Amino acid sequence: MQQRYKNLKTAQKGVLISLCAYILLSLLKVIIGQLSHSQTLIADGFNNVTDIFSSCAIMVGLRLATRPPDEHHQYGHWKAETIATFLTSLIMLLVGLSVLYTSIKNILSGDHESPDIYALFVGVFSGLIMYSVYLHNAHQAKKINSQSLLAIAKDCRSDAWTSFGTSITIFAANFNMAWLDGVVAFLIGLLILKTAYDIFSASAFSLSDGFDDDLLEKYTIEVEKIPGVELVHNIQGRSYGANVFVDIIIWVDPQMTVRKSHHITEKIESLLQREYGVFDTDVHVEPWDVDYEPQQPNELNSH
């Protein structure tokens, strides 16, 4: 448990680095974008603004997640991070719609002004900064096994490639392709909306206690390999932030001693924690029903 809290502190430092970079670059892009008449650079800047909100929300979520369990939150406060991410996706949705509206308005107006070439260097500089932040956070995320920090790192990488793409667009716009500036701004708006949708879907799925069926199948296969386990009768999983909780019902020999069955449960807990990083496993032992025959899919559909 203490190691988990220590990892959360490390993740907070990584998010703080990303937050500082986003604040600096969003101001730089929006200001230079206005001065250089680059809609693409402005859209990229607003994309970083959404990243500021995302980083702040995740920072708050990580902060709340460090609180220990209490009488009202017996499983801890791990889900605070997921709730913050859900709210962030709604903010990103609004910003994405705003960028789309502005870009469509500029495209339809037919007033295509070539951005000043110095805006290109802002895009290149931003791309290099964000890729450096990505490398740092990705290394730390793998070191402490933090899914939240890894998500922030991947977002930094996406922003880096977006900034490099912005630079290419500004360069092309100065060679009689000024219309490309508004088009790419439109595409960046779509990128923001897609990212918002992906985050919304993932966080809503987690908050509704959804869980990956493929992972449950892997858990089942591994647990049934343990000597003494006759069958995994039922298995359920749920996520609390980056922590996975698993409930399992196993069938064992009815004549097995309590001591031996308890030893099997400890093996299961150790296996899932070691191989899959499961935070907590609750194993319930029941006597094996020798007459039990699992129904086939076609039999289930016939009822």
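Trainee: How many helices and strands are in the chain?

Mentor: There are 9 helices and 3 strands. Remember that this is a predicted model.

Trainee: In what order do the elements run from the N terminus?

Mentor: The order is α-α-α-α-α-α-α-β-β-α-β-α.

Trainee: How much of the chain counts as buried?

Mentor: Of its 303 residues, 43%. The chain exposes about 16,700 Å². Carbon and sulfur atoms supply 61% of that area.

Trainee: On to the inside. Which residues touch the most other members in the largest nonpolar core?

Mentor: Leu8, Val15, Leu62, Trp78, Met130, Leu149 and Cys156 do, in a core of 26 residues. The elements giving two or more residues to this core are α1 (2-36), α2 (39-65), α4 (119-144) and α5 (147-173).

Trainee: Which element gives the most?

Mentor: α1 does, with 8 residues.

Trainee: What does Cys156 touch?

Mentor: Leaving out residues up to four places away in sequence, Cys156 touches Ser18, Tyr22, Met130, Val133 and Tyr134.

Trainee: What about a second core?

Mentor: That one is separate and has 20 residues. Among them are Ile226, Val232, Val244 and Val252.

Trainee: Now the surface. Which residues make the nonpolar patch of about 920 Å²?

Mentor: Ile23, Leu27, Ile31, Leu35, Ile117, Tyr118, Phe121, Phe171 and Phe175 make it. Here too α1 gives the most, this time 4 residues.

Trainee: Where is Phe171, and why does Phe171 count as partly exposed?

Mentor: Phe171 is in helix α5. Phe171 counts as partly exposed because its relative accessibility is 43%, and that class runs between 20% and 50%.

Trainee: Switching to rings. How many aromatic pairs are there in the whole structure?

Mentor: The search finds 7. One of them is Tyr131 with Tyr134, a tilted pair. Their centres are 5.3 Å apart, with 50 degrees between the planes.

Trainee: Where do those two tyrosines lie?

Mentor: Both Tyr131 and Tyr134 lie in helix α4. They are 3 residues apart, about one turn of the helix.

Trainee: Is Tyr134 buried or exposed?

Mentor: Tyr134 is at 15% relative accessibility, so it counts as buried; the cut-off is under 20%. Tyr131 is at 29%, so Tyr131 counts as partly exposed.

How values were computed
Residues numbered from 1 in each chain as written. Predicted model: local features only at pLDDT ≥ 70, side-chain atom pairs only at ≥ 80, totals over all residues. Heavy atoms only, no water. Core = buried A, V, L, I, M, F, W, Y, C linked by side-chain atoms within 4.5 Å. Buried < 20%, exposed > 50% of the residue type's maximum accessible area, 1.4 Å probe, protein only. Contact = heavy atoms within 4.5 Å. Patch = residues over 30% accessible without salt bridge, like charges linked within 9 Å, V, L, I, M, F, W, Y side chains within 5 Å. Areas by Shrake-Rupley, 256 points an atom, 1.4 Å probe, with all protein chains shown as cover. Salt bridge = Lys/Arg side-chain N within 4 Å of Asp/Glu carboxyl O. Phe/Tyr/Trp six-rings, centres within 6.5 Å; stacked < 30°, edge-to-face > 60°.
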